[in-house]
Amino acid sequence: MTKYMDDAARAAARLFSALSDENRLRLLMALRGGERCVCQLIALLGLAASTVSKHLQILRDAGLVDARKSGRWVYYRLSDQ
């Protein structure tokens, strides 16, 4: 296999792994309505802040969401890609 194929396989595995969790799918569905503060996402899922942050990091690593920090809060939105 070429390096490109190895990289593509790793990216696909990250993507499918990110999509394999119900809470991460719920986060993606919530973000379809536009950008949301992490505090809104925590309230929506009813999970601990650290758990939601971990799920959001996995979605970011897969390239599915983008984040921006404004003051104390981080805002997430679906990636343009």
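Reader: Is Cys-37 buried or exposed?
Author: Cys-37 is buried, its relative accessible area being 5%. Buried means under 20% relative accessible area, exposed over 50%, and partly exposed in between, with a 1.4 Å probe and protein chains only. This is a predicted model, in which local features need pLDDT of at least 70, side-chain atom pairs count only at pLDDT 80 or more, and totals for chains, interfaces and linings use all residues. Residues are numbered from 1 along each chain as its sequence is written, and side-chain values use heavy atoms, with hydrogens and water left out.

Reader: And what about Cys-39?
Author: Cys-39 is partly exposed, with a relative accessible area of 31%.

Reader: How many disulfides does a search of the whole structure find?
Author: The search finds zero disulfides, a disulfide being a pair of cysteine sulfur atoms within 2.5 Å.

Reader: Turning to the fold, how many helices and strands are there?
Author: The protein has four helices and three strands, in the order α-α-β-α-α-β-β along the sequence. Helices (H or I, at least four residues) and strands (E, at least two) are DSSP runs, numbered from the N terminus.

Reader: What does the C-alpha trace span?
Author: Along its principal axes it spans about 45 × 25 × 20 Å. Of the 81 residues, 22% are buried.

Reader: Which residues of H3 are buried?
Author: In H3, residues 38-45, the buried ones are Val-38, Leu-41 and Leu-45. They lie on the same side of H3, because they cover an arc of only 55° around the axis; the arc is that of the directions from the helix axis to the C-beta atoms.

Reader: What do they pack against?
Author: The buried residues of H3 pack against H2, strand S1 (36-37), H4 and strand S3 (73-78). Contact means heavy atoms within 4.5 Å.

Reader: How do H3 and H4 cross?
Author: Their axes come within 10 Å and cross at roughly 110°, so H3 and H4 are roughly perpendicular to each other. Axes are lines fitted to C-alpha atoms, for helices over the stretch in contact, and angles run from 0 to 180 degrees between N-to-C directions. Angles under 35 degrees count as roughly parallel, over 145 as roughly antiparallel, 65 to 115 as roughly perpendicular and the rest as oblique.

Reader: Which residues make that contact?
Author: Val-38, Leu-41, Ile-42 and Leu-45 of H3 meet Ala-49, Val-52 and Leu-56 of H4. By class, the contact of H3 with H4 has seven nonpolar, no polar and no charged residues. Ala, Val, Leu, Ile, Met, Phe, Trp, Tyr, Cys and Pro count as nonpolar, Asp, Glu, Lys and Arg as charged, and the others, Gly among them, as polar.

Reader: At what angle do H2 and H4 pack?
Author: H2 (residues 22-31) and H4 (residues 49-61) pack at about 75°, with their axes 10 Å apart. Here Asn-23, Arg-24, Leu-27 and Leu-28 of H2 meet Val-52, His-55, Leu-56, Ile-58 and Leu-59 of H4. That contact has six nonpolar, two polar and one charged residues.

Reader: Which residues of H2 are buried?
Author: Asn-23, Arg-24, Leu-27, Leu-28, Ala-30 and Leu-31 are buried in H2. These buried residues fall within an arc of 160° seen down the axis, so they line one face of the helix. On the other side of H2, Glu-22 and Met-29 are exposed.

Reader: Lastly, where is Thr-51?
Author: Thr-51 is in helix H4 and is partly exposed, with a relative accessible area of 32%. Its C-alpha atom is separated by 9.9 Å from that of Asn-23, 28 residues apart along the chain.
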